[in-house]
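Thanks for coming. I will go through one model today and keep to what can be read from the coordinates.

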Amino acid sequence: MDAKGAMESILDKLPGMAAAIEAMKEIIITNIVLIGQIHAPTFKEKRRATVFMERLVDFQVDECTTDGYRNPVGIIRGTDEGAAPIFVVAHLDTPLNKDMDAVLNYRVSVDAIKGPGIVDNSLGVGVLASLPEIFRRLSLRFASDIVLAGVIQSIGKGNLRGIRHLVKTWPSPIRGAVCIEGVELGRLNYYTDGMIRCEITCNITSEDDIGDQFKPNPILILNDVINQVLELPLPQRPRTRIIFGKIAGGINYGKIPETASLGFEIRSDSDKMVKTVFNDIKDIVDGISHEFHIELNMDIISNLNAARLQFNHPLVKSAGAVMKSLDLKPVSEPSESELSIFLSRKIPAVTLGITRGKDRGTDEASVKIEPMFKGIAQVIGILMAIDRGICDE
């Protein structure tokens, strides 16, 4: 069967596959809840990684181990020893500002799962852990090895360290990859912007017991930084943006704080432009620090290089066809996920969302159950397409 015929055969099976996956609802939800209720902030994912591996062992993957960076990895052996492996990855860490002993209670209703971290990315990890059993019940075999990786130290200050190490040290070529995020169903990410994420901190400390009327206000100093940054000329081509996303400082309405911080991102489809803007902002920070005789520091939290597949790449076209066969409308935008690491190493990859959700980053975060089954079917459809050779050229 030629590539076109193979793809048509895959597309014909997907609607029925989604219905078959729905029959496994209890297993999938159990994995999501079991893994999701384990607290896993960045750099402290060990407990969640252990349970993730235990679930893979329970589902009898052919090999279960960790790499040199403690990323948990399960391998389902393929039928062709000469075929390069296909990766499916989801990040284990969740951006929750909670104590490690905090209890994360998940609630399951008829149509939704609710709980902190469910959107980013406990649902994705639960689905990843369920794939071996889903493959078994659907009688799916692949020519390639399927590598299921729950990567650590991904978000925020983790700066994708887990996936960087896993891909860099993998001993063989990688055929293609699918990155799983909990939401939003319909996302089809196949490119990433260049990005530098920074934090500016302003500290006003004095050994002298001076009154507030003589003390510089770090909030106002950061406001001055913002105003000067907004005056920087940014080109429309290459498309470049500065996004101020976080500001914090002070504990009392009537007292000048001693410290304040500002978080922002520089994004562009040109790495050169990202570096140019970063240097311009660094000059602004250094200038204000010198002018006011204060401690003003700018630190890099994370960074990415711009990378992409073309819209007409076979993987992108096949992924779009898979989604449309499931009555999903593909929506594409830049992604900050593990996708960027695969693309930067010339490995074809896409990032997909599994379901629909809301209230991300809160204790009331929730995801819908019913759309998950199409979301999982799209992952399987794309894995089948990669396995049939759409990325091999």
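Start in the loop between α4 and β6 (146–151), where Ser139 sits. This is a predicted model, so please hear everything that follows as computed. Ser139 is not a glycine, yet its phi is positive, about 55°. Most residues other than glycine have a negative phi, and most peptide bonds are trans. Is Ser139 buried or exposed? Its relative accessible area is 63%, and the cut-off for exposed is over 50%, so Ser139 counts as exposed.

Asn159 also has a positive phi without being a glycine, and the value is near 55°. Look for Asn159 in the loop between β6 and α5 (161–169). Its relative accessibility is 13%, and buried means under 20%, so Asn159 is buried.

Next, the cis peptide bonds. One of them joins Val183 and Glu184, with omega at about 10°. Glu184 belongs to the loop between β7 (176–183) and β8 (188–189). Another cis bond links Arg237 to Pro238, and omega there is about 0°. Pro238 is in the loop between α6 (218–230) and β11 (240–249).

Now back to α4, and the helices that pack on it. Helix α2, residues 25–36, packs against helix α4, residues 118–137, at an angle of about 140°, and the axes are 8 Å apart. Angles over 145 degrees would count as roughly antiparallel, so at this angle α2 and α4 are oblique to each other. The crossing of α2 past α4 is right-handed. On the α2 side, the contact is made by Ile27, Ile28, Asn31, Ile32, Ile35 and Gly36. Their partners in α4 include Ser122, Val125, Ala129, Glu133 and Arg137. By type, the residues of this contact are ten nonpolar, five polar and two charged.

Helix α3, residues 46–58, also meets α4: the axes come within 8 Å and cross at roughly 25°. Which way do α3 and α4 run relative to each other? Angles under 35 degrees count as roughly parallel, and α3 and α4 are therefore roughly parallel. Here Arg48, Phe52, Arg55 and Leu56 of α3 meet Ser122, Val125, Leu128, Ala129 and Pro132 of α4. That contact divides into six nonpolar residues, one polar and two charged.

Asp93 lies in the loop between β3 (86–91) and β4 (107–108). Its relative accessibility is 0%, so Asp93 counts as buried. What does Asp93 touch? Leaving out residues up to four places away in sequence, its contacts include Thr42, Glu45, Asp120, Asn121, Gln153 and Ser154. Glu54 is 39 residues from Asp93 in sequence, and their C-alpha atoms are 17 Å apart.

Last, the cores. The largest nonpolar core has 98 residues, and Ile21, Phe342 and Ile380 touch the most other members. Helix α10, residues 372–387, supplies the largest share of this core, eleven residues. Beyond four places in sequence, Phe342 touches Phe87, Val89, Ile163, Val167, Ala177, Cys179, Ile347 and Ala349. There is also a second, separate core of 27 residues, with Ile200, Leu222, Ala260 and Ile288 among them.

That is the end of my part.

Definitions and conventions: Residues numbered from 1 in each chain as written. Predicted model: local features only at pLDDT ≥ 70, side-chain atom pairs only at ≥ 80, totals over all residues. Heavy atoms only, no water. Core = buried A, V, L, I, M, F, W, Y, C linked by side-chain atoms within 4.5 Å. Buried < 20%, exposed > 50% of the residue type's maximum accessible area, 1.4 Å probe, protein only. Helix = DSSP H or I, 4+ residues; strand = E, 2+ residues; numbered from the N terminus. Contact = heavy atoms within 4.5 Å. Axes fitted to C-alpha atoms, helices over the stretch in contact; angles between N-to-C directions. Parallel < 35°, antiparallel > 145°, perpendicular 65-115°, else oblique. Left-handed = near helix turned anticlockwise from the far one by under 90°. Nonpolar A, V, L, I, M, F, W, Y, C, P; charged D, E, K, R; others polar.
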